[in-house]
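Dear colleague,

Here is the structure I said I would pass on. My notes on what was found in it follow below.

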Amino acid sequence: QAPLALGCSCCLARQSALYPSLSVSMMLGRIAAASRLAASRTMVRPPAMPFAGAARGAAHVSAPKPLSIRMDSLFVKCVIAALIYFVPQDAVFMTGLFWY
């Protein structure tokens, strides 16, 4: 019998029926090839120049700082509500602490 072509999709069912170990080895070979390809794509390369500061004009951000805050935002409403709720309590407590 003539050997079957390994990449032929029309003969894949006959190949797996005639050579069961061949289909397993083909599957393992394809998995190995895919993992080698993925590993070569995600290979970490060292930078060309060491970082001496900002790279390519990018600004160094030490903390997230919003450029503007809308006064009708939920954040501002929560801050106002917290101030209204906690400041009188704190004022009474601090007054009692200093007066005593």
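**Surface and fold**

The accessible surface of the protein comes to about 9,500 Å², and 70% of this belongs to carbon and sulfur atoms. Please keep in mind that this is a predicted model. Of the 100 residues of the protein, 4% count as buried. The protein has 3 helices and 0 strands, and its pattern along the sequence reads α-α-α.

**Helix 3**

Helix 3 covers residues 74-99. With 26 residues, helix 3 reaches 37 Å from its first C-alpha to its last, which is close to the 38 Å expected at 1.5 Å a residue. There is a bend in helix 3 of about 30 degrees, located at Phe86. A proline, Pro88, follows within four residues of that bend.

**The aromatic pair**

The structure holds 1 aromatic pair. Its members are Tyr85 and Phe86, with 4.9 Å from centre to centre and 90 degrees between the planes. The pair counts as edge-to-face because its angle of 90 degrees is over the 60 degrees required for that label. Tyr85 is exposed, at a relative accessible area of 52%, while Phe86 is partly exposed, at 42%.

**The nonpolar patch**

Which residues form a nonpolar patch on the surface? They are Ile69, Phe75, Val79, Leu83 and Val87, and together they have about 460 Å² of accessible area. One of them, Phe75, is found in helix 3. Phe75 is exposed, because its relative accessible area of 55% is over the 50% cut-off.

**The salt bridge**

Side chains of opposite charge can pair when their charged atoms come close. In this model the count comes to 1 salt bridge. The side chains of Arg70 and Asp72 meet in it, at 2.9 Å from N to O. That distance counts as a salt bridge because 2.9 Å is within the 4 Å limit. Arg70 is exposed, with a relative accessible area of 59%.

Regards

Key:
Residues numbered from 1 in each chain as written. Predicted model: local features only at pLDDT ≥ 70, side-chain atom pairs only at ≥ 80, totals over all residues. Heavy atoms only, no water. Helix = DSSP H or I, 4+ residues; strand = E, 2+ residues; numbered from the N terminus. Buried < 20%, exposed > 50% of the residue type's maximum accessible area, 1.4 Å probe, protein only. Areas by Shrake-Rupley, 256 points an atom, 1.4 Å probe, with all protein chains shown as cover. Patch = residues over 30% accessible without salt bridge, like charges linked within 9 Å, V, L, I, M, F, W, Y side chains within 5 Å. Phe/Tyr/Trp six-rings, centres within 6.5 Å; stacked < 30°, edge-to-face > 60°. Expected span 1.5 Å × (residues − 1). Bend = angle between axes of the 7 residues up to and from the residue.
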